[in-house]
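Dear colleague,

I am handing over the structure below, and after it I set out what was found. Please keep it open while you read.

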Amino acid sequence: MSQPTTAITPTRAQDFPEWYQQVVRAADLAENSEVRGCMVIKPWGYGLWENIQRQLDAKFKATGHVNAYFPLLIPLSYLEKEAQHAEGFATECAVVTHHRLEARKQADGTTKMIPTGELAEPFVIRPTSETIIGAAFARWVESYRDLPLLINQWANVMRWEMRPRLFLRTAEFLWQEGHTAHETAEEAMEETRTMHRVYADFLRHHLAIPAIPGEKTERERFPGAVNTFTVEAMVQDRKAIQAGTSHFLGQNFAKASNIQFLGRDNQRQFAWTTSWGVSTRLIGTLIMAHGDDDGVIVPPRVAPHQIVILPVTPKPDTRQEVIDACEALAQTLRAQVFFGEPLRVHVDKRDLQGGAKNWEWIKKGVPLRVEMGPRDITSRSVAVSRRDLGPKAKEIMGKEEFIRNATDLLEDIQEKLLERATALRDEHTKRLDTLDEFKAFFGADDDEKGAPGGGFALMHWAGTSEDEEKLAKDFKTTIRCIPHGDEYAEEGACFLTGKASRRRVVFARSY
RNA sequence: CGGGGCGUAGCUCAGCCUGGUAGAGCGCUUGCUUUGGGAGCAAGAAGUCGUGAGUUCGAAUCUCGCCGCCCCGACCA
């Protein structure tokens with residue numbers, strides 16, 4: 001039977017959203033569960049998350065944070081403490097109202113479980129933990145000597161989404177949420193910026209995604225925040241995706257939760273707080289940023305297996321010899337260090353057809369595939385395939401040479417992915433000055449690739465939230481961020497209102 | 001929650017219009033052959049046709065209710 005030329009159908013150009021779903025499935029990353037909006041994260045997907053988690057966690061520790069854990073259930077009354085916050089999350093909260101079940105036999109012999117024991121005060125399954133952590137902070141903070149308080153938690157949260165998509169928007173998702181309290185506004189702002197930098201750095205150097213750091217407009221801010229910093233990435237259908245956020249909360253939550261301390265001046269005052277987070281959405285971002293028509297491409301630094309060794313065993317009598325040689329090679333490689341961690345090498349010994357096995361790892365996006373068979377053992381060579389090149393690309397090299405170059409190869413793949421993603425972003429980022437140009441940029445649906453038109457439009461902006469709302473309605477386009485960086489600072493006139501502007505903002509369609 | 005579509009084997013779907021004993025491909029199991037590449041042949045396992053009622057001698061097929069899913073809108077990390 002003839003195979004399609006690509007492992008994934010449809011291709012990205014044919015139908016990007018469908019391609020995404022097929023990749024998630026083909027790469028065995030996750031699947032939909034029987035509970036609507038909730039996903040089962042399968043080992044390959046969870047392996048990615050574990051690496052993201054471990055590497056980010058190290059960065060959090062390095063910036064002075066410690067981990068803790070707070071309850072899943074939040075008293076309903078807590079959510080009522082901060083008006084904007086409550087309003088922002090009201091429409092997507094799961095509520096726990098009962099604490100027991102009663103088994104009732106039905107006429108047909110089956111048993112139905114009926115919730116009983118109604119709670120006096122219902123609980124909300126955390127959509128985020130500002131309120132309950134705020135309550136803890138209020139107990140823990142008494143003096144300026146207790147500050148700063150730098151806490152992070154790795155947890156699951158639940159937001160009852162109307163239209164779930166694996167990794168990108170699920171009802172339950174995994175994330176980390178940092179929560180900090182500070183003595184002064186300046187310190188809290190510095191913390192917000194620091195974590196913002198940590199995210200941008202992580203995206204760039206670990207996930208090979210060149211995100212644009214910036215601030216959100218009032219309309220796009222976290223409910224209850226004074227300011228929200230974001231890292232906005234472009235994925236291959238040219239849409240923007242918010243990959244991480246860092247919020248300066250001012251004293252809003254401190255006042256709501258009564259986080260007060262006695263200052264150096266012997267005055268009782270409210271603390272300044274921040275919060276910041278990234279979620280399993282990063283995995284969706286990674287898939288859409290780097291994947292190709294043969295599946296996902298995993299950046300080496302976060303790959304669960306960085307190298308997969310495929311024993312080629314054409315004859316049963318040499319099979320064991322080949323497998324032993326592969327294991328030996330794996331051991332040698334595992335002794336090496338790549339970006340501060342031991343190389344993650346897997347030998348796929350399954351008794352499967354060689355081609356099928358190879359394609360499986362292509363779809364999963366393993367950075368390096370190494371084939372070794374009886375002939376290679378004789379000639380002391382291996383056949384190496386890089387995932388960032390085509391599926392047929394294969395280089396025969398000496399085994400010793402490969403061992404020497406393995407980490408360099410991985411590093412090169414990591415770099416190439418970043419280069420490729422940067423080129424995509426730059427190619428579809430345009431400085432535009434008029435409404436007509438703006439319309440043309442986002443109006444050109446269905447170009448030759450079938451992708452929606454547009455990309456990142458850098459526009460001068462001095463409009464109001466209402467103006468923003470209107471553009472969102474008319475063009476499905478929003479201000480993704482007011483980017484930091486000198487290259488965006490220039491004098492000009494708002495493309496909508498004509499008012500003076502000193503900085504360009506990023507407009508895009510988004511996830 | 002509005003507008004459209006769909007529920008049949010693990011997956012993708014045909015069969016429904018025109019009612020008459022449940023089908024295909026892929027996947028799975030076993031055997032043989034093959035093996036530097038997503039294999040071939042043969043045999044086999046697997047479905048109370050989403051669910052409840054109605055019409056009928058007879059319902060996957062017709063009618064109504066309910067449930068669920070997908071797509072398009074409103075919401076979002």
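Strand S15 (residues 307-311) pairs with strand S19 (residues 368-372) in the parallel sense, over five bridges, where helices (H or I, at least four residues) and strands (E, at least two) are DSSP runs numbered from the N terminus, and two strands pair if DSSP finds at least two bridges between them. Within that pairing, Leu310 has Glu371 of S19 as its bridge partner.

Before going further, please note that this is a predicted model, in which local features need pLDDT of at least 70 and side-chain atom pairs count only at pLDDT 80 or more, while totals for chains, interfaces and linings use all residues. Residues are numbered from 1 along each chain as its sequence is written, chains are lettered from A and ligands numbered from 1 in the order in which they are written, and side-chain values use heavy atoms, with hydrogens and water left out.

S15 and S19 belong to an open sheet of five strands with mixed pairing, in the order S18-S15-S19-S20-S21. Its edge strands, each pairing on one side only, are S18 (345-347) and S21 (395-398), and from one strand to the next the twist averages 30°; axes here are lines fitted to C-alpha atoms, for helices over the stretch in contact, and angles run from 0 to 180 degrees between N-to-C directions. Helix H10 (residues 354-364) lies across S15, S18 and S19 and runs at about 170° to S15, whereas helix H12 (residues 399-427) lies across S15, S19, S20 (381-386) and S21, at about 5° to S20; contact means heavy atoms within 4.5 Å. In the loop between helix H11 (374-379) and S20 lies Arg380, which has a positive phi of about 50° although it is not a glycine.

A further open sheet has three strands in the order S4-S6-S5, with antiparallel pairing. Strands S4 (73-75) and S5 (95-105) stand at its edges with a single partner strand each, so one side of each is left without a neighbour in the sheet. S4 pairs with strand S6 (residues 111-125) over three bridges, and Leu73 stands opposite Ile125 in S6.

At the level of domains, whose bounds come from an automatic or database domain assignment, chain A is divided into domain 1 (16-95 + 129-290), domain 2 (300-412) and domain 3 (429-508). The centres of domain 1 and domain 2, taken over C-alpha atoms, are separated by 37 Å, and 14 residues of domain 1 are in contact with 11 residues of domain 2. Between them these two domains bury about 1100 Å², 60% of it on carbon and sulfur atoms, buried area being the accessible area (1.4 Å probe) that two parts lose on being put together, summed over both. Trp44, Asn51 and His206 supply 49% of the area that domain 1 buries against domain 2, more than any other three residues.

Helix H5 (residues 130-140) is largely enclosed by the rest of the structure, because eight of its 11 residues are buried; buried means under 20% relative accessible area, exposed over 50%, and partly exposed in between (1.4 Å probe, protein chains only).

With regards
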